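Here is a short report on strands, aromatic pairs and pockets, meant to be read with the model open beside it. Have a look at the structure, and then let us walk through it together.

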Amino acid sequence: MKFLIIRFSSIGDIVLTTPVVRCLKKQIATAEVHYLTKESFKSIIVSNPFIDKVHLLKDNLDEIIAELKNHDFDYVIDLHHNLRTWKVKRALRKKSFSFNKLNIEKWLLTALKINKLPSAHIVDRYLDTLKSFGVKNDGAGLDYFIPKNEAVKESDIPASHHAGYIGIVIGAAYGTKKFPLHKLKELCASVVHPVILLGGPEDMEDGKKIAASDEVKIYNACGKFSLNESADLVRRAKLIVTNDTGLMHIAAAFKRPVISLWGNTIPEFGMYPYYGEHYIHATVQNRDTDKLPYDVMEVKGLSCRPCSKIGYQKCPKGHFKCMELISMHELEKKVYEYISINKQ
C-alpha cells in the first residue's frame, strides 16, 4: 500500500508527525511511505529511515501535484488540513484521512475562555488518522535523525562546554512565545553551569546581549549552526530550557529533560513535550523521584490567556503578564533539580 503523508510546516509540527510515519511503516508490512512538505523543511525528514520518498513543495503547487500523480497513491494522510492540502487531495482523487485541527474549540478557548478541547496530545490526534488501518501508538515517542555530516564537532563549541551544558532556546516564531530578554539575562547570570544559547540568525543580537555578562560561561550559538546542527546541540545538552517552539519537540525526540516556558499559548492545546508512554513509565520507575522528564512553567488564572492559538509579535494588552509573572526563583530551582537528577 502506498501512502502520502502531508505536513507542510513548521519545525515542531513536522517533528510531531514522526510517530505517524514510524507506526505506519512498522505496523503495515506492505506500507510505502511518502512525505510531502515545504522545501525549507526538507532537512527535518530527509534522513528519516521510515520514509521511502520525500516530495518538496517549492513555489508552484500545480507542479508538485503533477509529480504526485505519477505515483498512484492508495491513500492520503493529511496532517495539515488546509486549503492547499484540499487541492492536493482533490487532484489525486484518492481516499484520504484528515487531521482534525479543532479550530472551533480553539476559538472558543481563545475568544471566550470556554475549554472544549479534548485532553489528548496532538500526536494521538495525528495517529487517529490511521485508525482504519489498525495502526496504534507504539509508545516510543518522537523521532529525529541527524545526518552524520551535520553532527557538531567538539571543536565547534568552547572547551569549557565539553563536559556538559544547559541549552537555552531564546527564539520563537512569535514575540508572545518568547521569554523576555531581561529574564533570560537573569537566568543565565544566576546558573552556575555552562550555557549554550540556541536560536536562529534573527536571535543573534539578543544572544550577544545575554552572553555579554559572561562570555566564558555563556556561548551564543544563535545563527551559527544549521537546524540539524542545532538539533545536535540539543541532543548533547544536560537540560533544555525552552519556549513553546520547534527545538522543544526536538529535545523531547532525543529524550532530553525539558523545562518549557509558556506565554500566550497553553499546554492544553496539546503540544507540550511528548516522550511516549514507554519512556515516561521507564523514567519514573528507574528514578528515586517521580519527576517527569519535562516541566511546564506558566502563569495560570490570567483572564487574557490564551489570547491566540499561535501568537502575536507583541502582547495585545501591553503588559505581557503571561511571561513577566513567571517566577525566576522557581525557574532557577527547577533548573538545579533537573541538573541534579540528570547528572551524566
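## Strands, rings and pockets

I166 sits opposite V195 of strand β7. This is a predicted model, so please read every value below as computed from its coordinates. The two strands concerned, β6 (residues 166-169) and β7, run parallel and pair over 4 bridges. To get from β6 to β7 the chain passes through helix α8 (residues 181-190), in a right-handed β-α-β crossover.

On its other pairing, β7 joins strand β8 (residues 218-220), again in the parallel sense, over 3 bridges. Here L197 has N220 of β8 as its bridge partner. The link from β7 to β8 goes through helix α9 (residues 204-211), and this β-α-β crossover is right-handed too.

Which way do the side chains of β7 (residues 195-198) point? V195 and L197 point one way, I196 and L198 the other, and all of them are buried.

Now for the rings. The model holds 11 aromatic pairs, and two of them are set side by side here.

| Pair | Centre to centre | Angle of planes | Class |
|---|---|---|---|
| F3 and Y75 | 5.5 Å | 25° | stacked |
| Y275 and Y294 | 5.9 Å | 5° | stacked |

F3 belongs to strand β1 (residues 2-6) and Y75 to strand β4 (residues 75-78), so their pair ties together parts that are 72 residues apart in sequence. F3 is buried, with a relative accessible area of 0%.

The largest pocket has a volume of about 1,100 Å³. Its lining is made up of 42 residues, with S10, I11, D13, A173 and K177 nearest the centre. The elements giving two or more residues to this lining are α1 (11-16), α6 (103-112), α7 (122-127), α10 (227-236) and α11 (246-253). By type, the lining of the largest pocket comprises 18 nonpolar, 15 polar and 9 charged residues.

Terms used:
Residues are numbered from 1 along each chain as its sequence is written. This is a predicted model: local features need pLDDT of at least 70, side-chain atom pairs count only at pLDDT 80 or more; totals for chains, interfaces and linings use all residues. Side-chain values use heavy atoms; hydrogens and water are left out. On a 1 Å grid over the protein atoms alone, a cavity is a set of points where a 1.4 Å probe fits but cannot get out, and a pocket is an open set with protein on both sides within 12 Å along at least five of seven lines; lining residues have an atom within 4 Å of a point. Grid points are joined across faces, edges and corners, and a volume is the space filled by probe spheres set on the points. Ala, Val, Leu, Ile, Met, Phe, Trp, Tyr, Cys and Pro count as nonpolar, Asp, Glu, Lys and Arg as charged, and the others, Gly among them, as polar. Buried means under 20% relative accessible area, exposed over 50%, partly exposed in between (1.4 Å probe, protein chains only). Two strands pair if DSSP finds at least two bridges between them. A crossover is right-handed if, with the strands pointing away from the viewer, the path from the first strand over the helix to the second runs clockwise. Rings of Phe, Tyr and Trp (its six-membered ring) pair if their centres lie within 6.5 Å; planes under 30 degrees apart count as stacked, over 60 as edge-to-face and the rest as tilted.
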